[in-house]
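This briefing goes through one structure by topic. Keep the sequence and the 3D view open while reading.

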Amino acid sequence: MKILEVKDLTVQTGDGSKVVSSISFSVEPGERLGLIGESGSGKSMTALAVMGLLPAELRASGSLLLGTGQDAPRQIIGAAEKELNEIRGKVASIVFQEPLTALDPLMKIGRQLSEPLRRWKDLKGDALQEAIISALMEVSINKPERIAASYPYEISGGERQRAAIAMALACEPSLLIADEPTTALDVTVQAEILTLLDAVVSKRGMSLLFISHDLAVVSRITDHVLVMKDGSVVESGSLADILRSPQHPYTRDLVASAKELDNALEIAKKSGGN
Amino acid sequence: MTTKKRHSLPLIVGCTLVGFIAVMALVSIFWTPYSIQDMTGGRLGPLSSHHWLGTDKLGRDLLSRVMIGARIAIAVGFGSVLIGAILGVVLGLIAGFAQRWVDESFSAMFDILIAFPTLLLAMLIVAARGASLASAIIAIGIGMSAIVARLTRLLVKRVLAKDFITASRASGTSWARIIFIHILPNIWTTLIVTFALQFGFAGLTEASLSYLGLGAPPPNASWGSLLQEAQATVLTSPVAAIAPGVLLVCLVIGMNLVADGLRDVADPTLRRSR
Amino acid sequence: MKRSPMIKYIIRRLMVLLISLYVASTSLFVLLRLLPGDPANALLSVGATPEQVAAARHTVGSDLPLFEQYFHWLRNLSSFHFGTSLIGNVPVGPEINSRLSVTVPLTLISFFVTITIAVPLGFIAAYKSKTWYGTILNSISQLGIAIPVFWVGVILILIFALRFMIFPAGGFPPTGWSDPGQAVRALVLPVCTITLVMSASLTRYVRSATLDVLNSDYLRTSRSLGSSFMEAMWRHGIRNAASPVVSILGMELATTFIGAVVVESVFALPGLGSLLVQAIGQRDYPIIQGILFVSTMAVLVIGFLVDLAQRFIDPRMSKSLAGRNA
């Protein structure tokens, strides 16, 4: 029973130009799929389409089936808003790139976290407060009480993103979509967030759809990869295969530049060590 | 990649509107259909081929009076924007370079002057200097300078924070050269948009002053005065109460469109989704 | 934990308010003393004898050294003694007081009606910005800010007072508010005039703030967690949209007041505005001083209250709309 099954998904703008051109892929339970491509490749639009959150100017067509083992898979494209409200969060949730704008700037973190907790776990009062704290602790936030009482602008970028991840997890989704979750963060913090995602996804047995432009980041956390360019999937396969023998010229370029960087780092490491 | 056309509809429409009024004003310097001393038209006459807009309560041709009003409207616009620009940019430059408490004092001064309604300020200056075109222009110009100064200060600070300024200083450029070669060219486009907007509002303020009897004294009456005179006989001869108002609105809308157009042409990325 | 910084802010802001009041009154003093000509001139006719001039100056108090005048000025202000009108020879304070009974209701009613109209209209203009009526709303509000308020008044008089004779073309019942029905009737057209013009500008602000919220990421996040659009707007949208709108409410109130000042002349209402215009024409300085001081004080106090309200909604430090073109 696939978590996500995408068939011939096309996303078009009002004047007919295609942001995403007829792509198909699927995600199994427990699978980690990476979606890699540069800006403009359509990867973020794909993620938004899965959640039914495309901007009003864009139209999606094709088939997008989202479902868990318990319920029958639901068709996202063309679904009514009411239906989508029941699916969003519960089956799949999403972590966005820039936590500073993704969080309500005028609301304390704890209160923002209480929203999904209250809705999906039906908690109130003290139980809710405890759930907020433990949710923050699960994402490795030190001093969760302080963070819960703070506004987004008062805490660091890494803490914000952890809070956003906590909110996404609070719904206990089967599929977690992460759209460039580390791109806006400092390099050191990036590694921490990746480790966190890795741990949390494993622990909860979730599926992961990880979107990024950075092959190195994607290779740390996924098993299978989809390479997108200009709205189409140009190559797909296991991470190992892609890295070892990329077929499509674009993929080859990606792998080659990643390897160059790797070699440069190795050389630097070696000469630094002397 | 489609290249966006740099033509802007607002700019064209705006320039047409303003141009029409400017031409009227220009022509009135040399010629009007009748002299404003000429009171032979018959009181409150209707629209006719002799008097396109009819006559006022003293028998003067309304069209001629309206044309002279256009002259005053344009003069006030230019005059006050000029005063506001010179005063505002100079003060804004100084404030932009100032630091800490000097800067804060400037900021506070600008904010106070902006909060103080321009019309009230104009009334105060008229109380001091007596009602005249010069008083109006000076007063409105001063009120305007605060807005210009605050904007200039903000823009200057933004430019000063950029790296190329530091680089320029490092290579020994004097502050004077930096102002003229780096700062002013970068900020003048935004400033021009503000000037265009202020032109229209200057016209509105002067019209209010004249309506209240505190503007340029007759017979060189501005549109505001014409409207005040027309009010008493508005039922019998509505044209006199409508024409100057319509022209004033056209002038202001025209300048607002010009401002919008300039904004489009200067930096299309600034345009918010309308 | 939250109380302390808020209270500190209130105290600091209060001190700024008091200092501003002091600076404003001193500036007013300086400004009016800088005027060419002696204030006593209003009492004199052309060709007055030196004795008459001296007597006039003594009456007005302009023969005292500047410091003494300043001291008297401050002392009088703090007890709201604005001196005596040079023309009517009546005390300024009570005169201003009676005029306030017209201007204050006019300003406040217009302001609240404006808010009632502009907030829903601005929301619709933003939410339905792609529809034909949304675009029309937007165009109308662009038009509205270009129209002089007194012209709207004259047009309304033409239509509703003269042609259709529903409301009076001007004036206010001499008995004031003791006949509330007549008083309200006299204020209907003036209020409509001010409201029409002010709604245009406020609608634009509300529309802009709402658009920002509609396109925001945090709204999207809330929906991604399962809330409906309305739920998300209610929980997050309102507060975030309110913040920029509240910050300009103070200025809008000041502009409404100025509108009232002009409209009073259009409709011949015995308010503060018409008194000011009259006093300027007659160079009646005590009245001008008094009215300007009262207006400035009102503007400052309102600014203070709006500041507090904004801080309450949005606790972020530097929230500045400066640099944003209208």
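Predicted model: local features only at pLDDT ≥ 70, side-chain atom pairs only at ≥ 80, totals over all residues.

Which chains have the most contacts among the two pairs of chains that touch? Chains B and C do.

**Which chains touch**

- Of the two pairs of chains that touch, the pair B and C has the most contacts.
- Chain A and chain B do not touch, and 12 Å separates their nearest C-alpha atoms.
- Chain C is in contact with chain A: 22 residues of chain C meet 30 residues of chain A.

**The interface of chain C and chain A**

- About 2400 Å² is buried between chain C and chain A, and carbon and sulfur atoms carry 52% of it.
- On the side of chain C, the residues that lose the most area to chain A are C:R220, C:L225 and C:R235, which together make up 29% of what that side buries.
- The rule finds four salt bridges across this interface.
- One salt bridge joins the side chains of C:E231 and A:R119, with 3.7 Å from N to O.
- Helices α8 and α9 (229-266) of chain C each supply at least two residues of the side that touches chain A.
- The largest share of that side comes from α8(C), with seven residues.

**A closer look at C:S224**

- C:S224 is placed in helix α8 of chain C, which covers residues 217-224.
- Is C:S224 buried or exposed? C:S224 counts as buried because its relative accessibility is 0%, and the cut-off for buried is under 20%.
- A polar atom of the C:S224 side chain lies 2.6 Å from the backbone oxygen of C:T221.
- Leaving out residues up to four places away in sequence, C:S224 touches A:M51, A:L53, A:R88, A:G89, A:A92, A:I94 and A:F96.

**A sheet in chain A**

- Chain A has an open sheet of six strands, in the order β6-β7-β8-β3-β9-β10, and the pairing is mixed.
- Its edge strands are β6 (92-95) and β10 (232-238), each of which pairs on one side only.
- On average, neighbouring strands of this sheet are turned by 15° against each other, direction ignored.
- Within chain A, strand β3 (residues 32-36) and strand β8 (residues 207-212) pair in the parallel sense over five bridges.
- A:L35 has A:I211 as its bridge partner in β8(A).

**The helices of chain B**

- How many helices and strands does chain B have? Chain B has nine helices and zero strands.
- The C-alpha trace of chain B spans about 75 × 55 × 35 Å along its principal axes.
- Chain B has 274 residues, and 53% of them are buried.
- Among contacts in chain B with a separation of 6 or more, 70% are between residues 24 or more positions apart.

**A closer look at B:I142**

- B:I142 lies in helix α5 of chain B, which covers residues 133-160.
- B:I142 counts as partly exposed because its relative accessibility is 27%.
- Not counting residues up to four places away in sequence, B:I142 touches B:I83, B:L113, B:L121 and B:I125.
- From B:I142 to B:A95 there are 47 residues in sequence and 17 Å in space, C-alpha to C-alpha.

Technical notes
Residues numbered from 1 in each chain as written. Chains lettered and ligands numbered in written order. Heavy atoms only, no water. Pairing = 2+ DSSP bridges. Helix = DSSP H or I, 4+ residues; strand = E, 2+ residues; numbered from the N terminus. Axes fitted to C-alpha atoms, helices over the stretch in contact; angles between N-to-C directions. Contact = heavy atoms within 4.5 Å. Buried < 20%, exposed > 50% of the residue type's maximum accessible area, 1.4 Å probe, protein only. Polar contact = N/O pair within 3.5 Å; in protein donor to acceptor, adjacent residues only side chain to side chain. Buried area = accessible area lost by both parts, 1.4 Å probe.
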